[in-house]
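Subject: Structure for your review

Hello,

Here is the structure, followed by notes on what was found in it. Please look through it with the notes alongside.

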Amino acid sequence: VRITAMSIDELAPVEEHEFVLRRIHRNAYNSNLDSPILRIAFQPNQNDDTGLSVFRERFVDATGTLADIAPEKRDAYFVARLAVLDLRSIGLTVVPEPQPQGPRGHAVIPELSWQAFGAEKHALKAKQLQLAKWASAAIILSPPA
Amino acid sequence: MIAVRDEPIEHAQWNAAISRGMNGNGFVAGAASDGWESIAAQIAAMQYLGEDWDGLGAYPPSRELLESALGLAYVLQEKNMAPPSAVTASTSGSVVMVWQGPGETYGEVELTRPFHGEVMIVEPGKDPEYFEIPNA
């Protein structure tokens, strides 16, 4: 296995001054609400076995996070920007998990893996609600009108 | 939403509402239905979500779950509850009804399987409250 300089860089621990980007499908957005991004934007599914996906802003911009989504589905996405410091304040961490085939800077929030969520739903739903509020105030990319 | 805590939902009532919906209009005459028709239409439209509907591997809600969600809408309308502020499908295949109230008041019911709802209620100055329905 050949480890490139690029992947070593992406494996560097996430620092607390960093920001992460979260892709949010329009199904989890409702413009009629005061807090338009819904909690489920931060809900894992059965595929999230290591954690909930985010991207480190130091490696990729908002548009770049959508690169691995089929073009006909890409326009359904918002992207929100979250401070790692804020995540840490509610007990969530961000761990690098580079994906060779995907956009750079992939990382996960391990506390929000599918398994962890199932084991501690109540506390984690409250944290997801807080994430949704922060994300609602920090949307940096919206689907085309 | 908070009314669900004070006026429990029975499994039999929920099941009867589904049957009512399959035999015509599941909404009860005389109860406030403003907004509920739109919610029911949005739930019905979820049947067209296929595998990988989000391009990232999302799971669609099952037909049984959608029937259950419609039935719950009929039950809540029958109880004269205000319709949710939003209803949507999650990428894990659940259906979530959300009520965002004034201030920081928040309520939701997430249907993770037929006849099983997980309720969360958040009121300012109080710890979040969780319970499951049916709760009678």
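Which strands of chain A does α5(A) lie across, and at what angle does α5(A) run to β3(A)? The helix lies across β1, β3 and β6 of chain A and runs at about 105° to β3(A). Contact means heavy atoms within 4.5 Å. Axes are lines fitted to C-alpha atoms, for helices over the stretch in contact, and angles run from 0 to 180 degrees between N-to-C directions. Helices (H or I, at least four residues) and strands (E, at least two) are DSSP runs, numbered from the N terminus.

On provenance: this is a predicted model, in which local features need pLDDT of at least 70 and side-chain atom pairs count only at pLDDT 80 or more, while totals for chains, interfaces and linings use all residues. Residues are numbered from 1 along each chain as its sequence is written, chains are lettered from A and ligands numbered from 1 in the order in which they are written, and side-chain values use heavy atoms, with hydrogens and water left out.

Helix α5(A)

Helix α5 of chain A covers residues 121-136.

Sheet of chain A

Six strands form an open antiparallel sheet in the order β4-β5-β2-β1-β3-β6. At the edges stand β4 and β6 (139-141), each with a single partner strand, so one side of each has no neighbour in the sheet. Two strands pair if DSSP finds at least two bridges between them. Two bridges join β3(A) to β6(A), with V79(A) opposite L141(A). Four bridges link β2(A) and β5(A), where V54(A) stands opposite A107(A). A107(A) is also the bridge partner of P96(A). Both faces of β5(A) are covered, with H106(A) and V108(A) buried on one side and A107(A) and I109(A) on the other.

Sheet of chain B

Chain B has an open antiparallel sheet of five strands in the order β1-β2-β3-β4-β5. Its edge strands are β1 (86-89) and β5 (129-133), and the twist averages 15° from one strand to the next. Helix α5(A) packs on this sheet too, touching β3, β4 and β5 of chain B, and its direction makes about 55° with that of β4(B).

Cores

A nonpolar core is a set of buried Ala, Val, Leu, Ile, Met, Phe, Trp, Tyr and Cys residues joined through side-chain atoms within 4.5 Å. The largest has 35 residues, and those with the most contacts inside it include F42(A), L87(A) and L131(A). The largest share, five residues, comes from α5(A). L131(A) touches F42(A), L82(A), L87(A), I90(A), L92(A) and L112(A), not counting residues up to four places away in sequence. A second, separate core of 32 residues includes L65(B), V95(B), V109(B) and I133(B).

Regards

Methods:
Expected span 1.5 Å × (residues − 1). Buried < 20%, exposed > 50% of the residue type's maximum accessible area, 1.4 Å probe, protein only.
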